[in-house]
Amino acid sequence: VQLQASGGGLVQPGGSLRLSCAASVSIWTFNVMGWYRQAPGKQRDLVARISTFTSTHNTDIIDSVKGRFTVSADHFENTVYLQMDSLKPEDTAVYYCYAEGGQGLGYKTYWGHGTLVTVSS
């Protein structure tokens, strides 16, 4: 199982970016997929997650980005997205996608390589 994250870059405050996390297997096989971020000198924290074993797509988003970030899943593309709008300098971090495998994957957690998001003028 591989997760390929992309979409990071340099953006001005108030701008937008969309991160993508493409899985090498069907995302139906995961219970949850989502995004963590790690700012310089800080721990890695959960940003958003979405259930992918069901088409209901329950989501959780941390308060500091609620209303600005949206997490979504595309089962045809086997990809999870993080749409980030109204970006702030404090959103600067390396963003990591992850996936929690279901029973068929032994409930193992998988990680993608990080993608750097820099919010600066």
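The legends below describe close-up views of a predicted model.

**View 1. The largest pocket and its lining.**
The largest pocket holds about 180 Å³ of space. Its lining includes Arg37, Ala39, Lys42 and Gln43. Also in the lining of the largest pocket are Asp45, Leu46 and Val47, along with Ile62, Ser64, Glu90, Thr92 and Ala93. By residue class, the lining of the largest pocket divides into five nonpolar, three polar and four charged residues. Strand E5, residues 44–51, gives the most to this lining, with three residues.

**View 2. The aromatic pair of Tyr36 and Tyr98.**
The structure holds four aromatic pairs. Tyr36 belongs to strand E4 (residues 30–38) and Tyr98 to strand E9 (residues 93–101), so the pair ties together parts that lie 62 residues apart in sequence. Tyr98 is buried, at a relative accessible area of 2%, whereas Tyr36 is partly exposed, at 22%. The value for Tyr98 falls under the 20% cut-off for buried residues. Tyr36 and Tyr98 form one aromatic cluster together with Trp111.

**View 3. Arg44 over two aromatic rings.**
Arg44 lies over the face of Tyr96, at 3.6 Å from the ring centre. Arg44 also lies over the face of Trp111, here at 4.9 Å from the ring centre. Trp111 is itself a member of the aromatic cluster with Tyr36 and Tyr98.

**View 4. Pro13 and its contacts.**
Pro13 sits in the loop between strand E2 (9–11) and strand E3 (17–23). With a relative accessibility of 40%, Pro13 counts as partly exposed. Leaving aside neighbours within four places in sequence, Pro13 is in contact with Leu87 and Pro89, and also with Val119, Ser120 and Ser121. Asp85 is 72 residues from Pro13 along the chain, and the C-alpha atoms of these two residues are separated by 9.5 Å.

**View 5. Ser6 in strand E1.**
Ser6 is part of strand E1, residues 3–6. This serine, Ser6, is partly exposed, with a relative accessible area of 35%. When residues up to four places away in sequence are not counted, Ser6 touches Arg18, Leu19, Ser20 and Thr115. The C-alpha atoms of Ser6 and Tyr96 are separated by 9.6 Å, although the two residues are 90 places apart along the chain.

Ser86 has a phi near 45 degrees, a positive value in a residue other than glycine. The loop between strand E8 (79–84) and E9 is where Ser86 is found. Ser86 is partly exposed, with a relative accessible area of 40%. Tyr107 is not a glycine either, and its phi is positive at about 55 degrees. The loop that holds Tyr107 runs between E9 and strand E10 (109–111). Tyr107 counts as exposed, at 54% relative accessibility.

Technical notes
Residues are numbered from 1 along each chain as its sequence is written. This is a predicted model: local features need pLDDT of at least 70, side-chain atom pairs count only at pLDDT 80 or more; totals for chains, interfaces and linings use all residues. Side-chain values use heavy atoms; hydrogens and water are left out. On a 1 Å grid over the protein atoms alone, a cavity is a set of points where a 1.4 Å probe fits but cannot get out, and a pocket is an open set with protein on both sides within 12 Å along at least five of seven lines; lining residues have an atom within 4 Å of a point. Grid points are joined across faces, edges and corners, and a volume is the space filled by probe spheres set on the points. Helices (H or I, at least four residues) and strands (E, at least two) are DSSP runs, numbered from the N terminus. Ala, Val, Leu, Ile, Met, Phe, Trp, Tyr, Cys and Pro count as nonpolar, Asp, Glu, Lys and Arg as charged, and the others, Gly among them, as polar. Rings of Phe, Tyr and Trp (its six-membered ring) pair if their centres lie within 6.5 Å; planes under 30 degrees apart count as stacked, over 60 as edge-to-face and the rest as tilted. Buried means under 20% relative accessible area, exposed over 50%, partly exposed in between (1.4 Å probe, protein chains only). A charge sits over a ring if NZ of Lys or CZ of Arg is within 6 Å of the ring centre and within 35 degrees of the ring normal. Contact means heavy atoms within 4.5 Å.
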